Amino acid sequence: MTHAHPARADDDRPPTDYELLETAVRELLIEKGIVTADEIRAAIEAMDARSPAEGARVVARAWLDADYRRRLLADGRAAVGELGIDIGPTRLVVVENTARVHNVIVCTLCSCYPRMLLGLPPDWYKSRAYRARVVAEPRAVLAEFGTVIADDVTVRVHDSTADMRYLVLPRRPEGSEGMREAALAALVTRDAMIGVSVPKAPAA
Amino acid sequence: MTARFRPGARVRVRDRHAQGHLRTPVYLRGKAGVVERLCGRFRNPESLAYGGSGLPERALYRVRFSQRALWPDYRGSADDTLDADLYEHWLDPDETRRR
Amino acid sequence: MMAAMGEAKRYRGYHDLGGAPAGAIDRANHDYTLSEKRVDALFVLLGDAKRRLLAVDEHRRAIEALGADAYERLGYYERWIAALANLLVEKGVLSRDEIAARIAEIRARGGAP
């Protein structure tokens, strides 16, 4: 099991006020029988097990199997469930990049994110700057990420304001014909599934 | 119960003063867009936020806005859009003529 | 934010950031600490089917109610735990006194988690 974000040691400096608060709340909740230490441990492990590799598998399958792609676009939760990925009650909407349309995801009001498929979000996704600017000037934001979208391609921003969670199905890279699913999945990055980037090119 | 708006309907986001936990961003208030689809029915987050039941469920729509209509100095394609998921009680039919 | 003809002056919650003034995006990332992961875990567990102690909407509302200063000063999971604690007190699950007492006790024993 790989950890996308290995926890760094907290014991190399004194705890902050908020770390003390967390410890206090956790201990009290355990003492009152509301949660157990095992449940907390298991919940952490469950989140650690989620990483962009999950989403990448889904993308690779969609690239290889046109019927799967259709099912994925129609009902995201059911389709990822077919691959053994349980996203709970989350309503997943997969939006497809094409030659004409490039999608990018944000949650301007908080930081809703398809964490069951990508793991915990990067700091920048939750930042004021991203949330403020990607809705108003998406092309400039994408350019900051090194992604330039041609003028004749429509940029479509999705603001996750309600219960739907969005995932971008990026375009399959040129030169990837004949590649197998695992190799295709390795081209799919977290940033490509958020929409600020595109998948890696296959090695020459 | 039938939903008030059908896909393709032009709608305008209400621009009313409201307090509490809202999921209609300020940058969309008073703006007009087109219903892209009915997402489903969900309990009202404005009520859930205070321990309420959130019932009855409200229709939630994906509404598509032209970026040029949202931002006066938008630099990008005239076809660029923004989609947001908005509750029925924040939307009215848009009667204004499309420019 | 440009005011156009007929536009009401809109109150913007400090969390409601779409279109707000902002600078460059800092793409540096930090590894989540164990403390942060624990906050996340508590949030997930308290709202799960077994406990149903809080709704995600209540947590968001509690974060929004922390005050603009807190929103700027505190880190992401600091806001989360502050809001969680406030919610638990609001719901009578914990009291401020016992939280304060426990924090004092933790400090006294050297802060070990």
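1. Start in chain B, at the loop between helix H1 (45-48) and strand S3 (58-66), where B:Pro56 is found. Bear in mind that this is a predicted model. The peptide bond joining B:Leu55 and B:Pro56 is cis, with omega at about 0 degrees. As background, most peptide bonds are trans. This bond is worth a look on screen.

2. Now for chain B as a whole. You'll find 2 helices and 5 strands in chain B, and reading along the sequence gives the pattern β-β-α-β-α-β-β. Its radius of gyration is 14 Å, close to the 13 Å that the globule rule gives for 99 residues, so chain B is as compact as a globular protein of that length. Along the principal axes, the C-alpha atoms of chain B fill a box of roughly 40 × 30 × 20 Å. Of the 99 residues in this chain, 38% count as buried. As for how the chain folds back on itself, take the contacts in chain B between residues at least 6 apart in sequence: 57% of them join residues at least 24 apart.

3. The sheet takes strands from both chain A and chain B. It is an open sheet of 7 strands with mixed pairing, in the order S2(A)-S3(A)-S4(B)-S3(B)-S2(B)-S1(B)-S5(B). Strand S2 (101-106) of chain A and strand S5 (91-93) of chain B stand at the edges; each has a single partner strand, so one side of each is left without a neighbour in the sheet. From one strand to the next, the twist averages 35 degrees. In general, strands of a sheet pair through backbone hydrogen bonds, either parallel or antiparallel.

4. Strand S1 (residues 10-13) of chain B runs antiparallel to S5(B), and 3 bridges join the two. If you want a landmark there, B:Val13 stands opposite B:Leu91 in S5(B).

5. Towards the other end of the sheet order, look for a helix from chain A. Helix H8 (residues 128-136) of chain A lies across S2 and strand S3 (154-159) of chain A, together with strand S4 (81-87) of chain B. H8(A) runs at about 150 degrees to S2(A).

6. On to the contact between chains A and B. Here 18 residues of chain B are in contact with 18 residues of chain A. Strand S2 (32-42) and S4 of chain B each supply at least two residues of the side of chain B that touches chain A. S4(B) gives the most to that side, with 6 residues.

7. Chain A also touches chain C. That contact takes 46 residues from chain C and 45 residues from chain A. On the chain C side, H1, helix H4 (76-90) and helix H5 (96-108) each supply at least two residues. The largest share of that side, 10 residues, comes from H1(C).

8. Within H2(A), A:Ile40, A:Ala43 and A:Met47 are buried. These residues cover an arc of only 65 degrees around the axis, which puts them on the same side of H2(A). The face turned away from that buried side carries the exposed residues A:Ala37, A:Asp38 and A:Ala46. The buried residues of H2(A) pack against helix H1 (17-31) of chain A together with helix H1 (34-46) of chain C.

9. Just after H4(C), C:Gly92 takes a positive phi of about 75 degrees.

10. For context, most residues other than glycine have a negative phi. Is C:Arg52 buried or exposed? C:Arg52 has 9 other C-beta atoms within 10 Å, so it counts as exposed, the cut-off for that being 12 or fewer.

Definitions and conventions. Residues numbered from 1 in each chain as written. Chains lettered and ligands numbered in written order. Predicted model: local features only at pLDDT ≥ 70, side-chain atom pairs only at ≥ 80, totals over all residues. Pairing = 2+ DSSP bridges. Helix = DSSP H or I, 4+ residues; strand = E, 2+ residues; numbered from the N terminus. Axes fitted to C-alpha atoms, helices over the stretch in contact; angles between N-to-C directions. Contact = placed C-beta atoms within 7 Å. Rg over C-alpha atoms; globule rule 2.2 N^0.38 Å. Buried ≥ 20, exposed ≤ 12 C-beta atoms within 10 Å, placed from the backbone. Arc of directions from axis to C-beta.
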